[in-house]
Amino acid sequence: QVQLVESGGGLVEAGGSLRLSCVASGRTFSSYRLGWFRQAPGKEREFVAAINWSGTTTYADSVKGRFAISRDNPKNTMYLQMFSLKPEDTAVYSCAAGVGALATTPVSYAYWGQGTQVTVSS
């Protein structure tokens with residue numbers, strides 16, 4: 001069982017930056033594949049970024065070059081550094097954990113945090 005808690009969301013102007021954190025409970029954090037997803041009002045949940053146990057990453061095309069996912073296994077923490085934010089990045093951002101190879105679909109993740117709101121003003 002893994003419990004995930006996000007933090008770091010907030011209100012930022014377009015072009016600004018934010019760093020989200022996701023702290024996980026559990027002794028086997030380092031073995032999990034981790035991901036960030038987001039959901040805007042009235043839209044489906046969409047993949048943002050993922051990182052596996054060895055640090056290999058993958059990103060959605062919409063955030064590639066602007067967002068960076070990382071993990072600190074001794075601290076049981078994952079991060080999402082977001083640069084050059086746009087109004088269309090506004091959403092609730094959730095972290096997720098699962099086992100196996102990198103994955104970009106929500107069904108591939110067994111554990112989810114509650115989410116943190118990111119709002120980008122124009």
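**Exercise 1.** Determine in which strand Ser-21 is found, and whether Ser-21 counts as buried or exposed.

*Solution.* Step 1: Ser-21 is found in strand β3, residues 18–24; strands are DSSP runs of E with at least two residues, numbered from the N terminus. Step 2: the relative accessibility of Ser-21 is 13%, so this residue counts as buried (buried means under 20% relative accessible area, exposed over 50%, partly exposed in between, with a 1.4 Å probe and protein chains only). Step 3: beyond its neighbours within four places in sequence, Ser-21 has contacts that include Val-5, Trp-36 and Tyr-79 (contact means heavy atoms within 4.5 Å).

The model is predicted: local features need pLDDT of at least 70, side-chain atom pairs count only at pLDDT 80 or more, and totals for chains, interfaces and linings use all residues. Residues are numbered from 1 along each chain as its sequence is written, and side-chain values use heavy atoms, with hydrogens and water left out.

**Exercise 2.** Locate Phe-29 and state which residue lies over the face of its ring.

*Solution.* Step 1: Phe-29 lies in the loop between β3 and β4. Step 2: with a relative accessible area of 4%, Phe-29 is buried. Step 3: Arg-71 lies over the face of Phe-29, 5.0 Å from the ring centre (the criterion is NZ of Lys or CZ of Arg within 6 Å of the ring centre and within 35 degrees of the ring normal). Step 4: leaving aside neighbours within four places in sequence, Phe-29 is also in contact with residues including Leu-34, Asn-73 and Met-78.

**Exercise 3.** Classify the pair formed by Phe-37 and Phe-47.

*Solution.* Step 1: rings of Phe, Tyr and Trp (its six-membered ring) pair if their centres lie within 6.5 Å; planes under 30 degrees apart count as stacked, over 60 as edge-to-face and the rest as tilted. By this rule there are 5 aromatic pairs. Step 2: the centres of Phe-37 and Phe-47 are 5.7 Å apart and the planes stand at 70°, so the pair is edge-to-face. Step 3: because Phe-37 lies in strand β4 (residues 33–39) and Phe-47 in strand β5 (residues 46–51), the pair ties together parts 10 residues apart in sequence. Step 4: Phe-37 is buried at 0% relative accessible area, and Phe-47 counts as buried at 12%.

**Exercise 4.** Classify the pair of Phe-37 and Trp-112.

*Solution.* Step 1: Phe-37 and Trp-112 form a tilted pair, 5.1 Å centre to centre with 55° between the planes. Step 2: this pair links distant parts of the chain, 75 residues apart, with Trp-112 in strand β10 (residues 111–112).

Key: Helix = DSSP H or I, 4+ residues; strand = E, 2+ residues; numbered from the N terminus.
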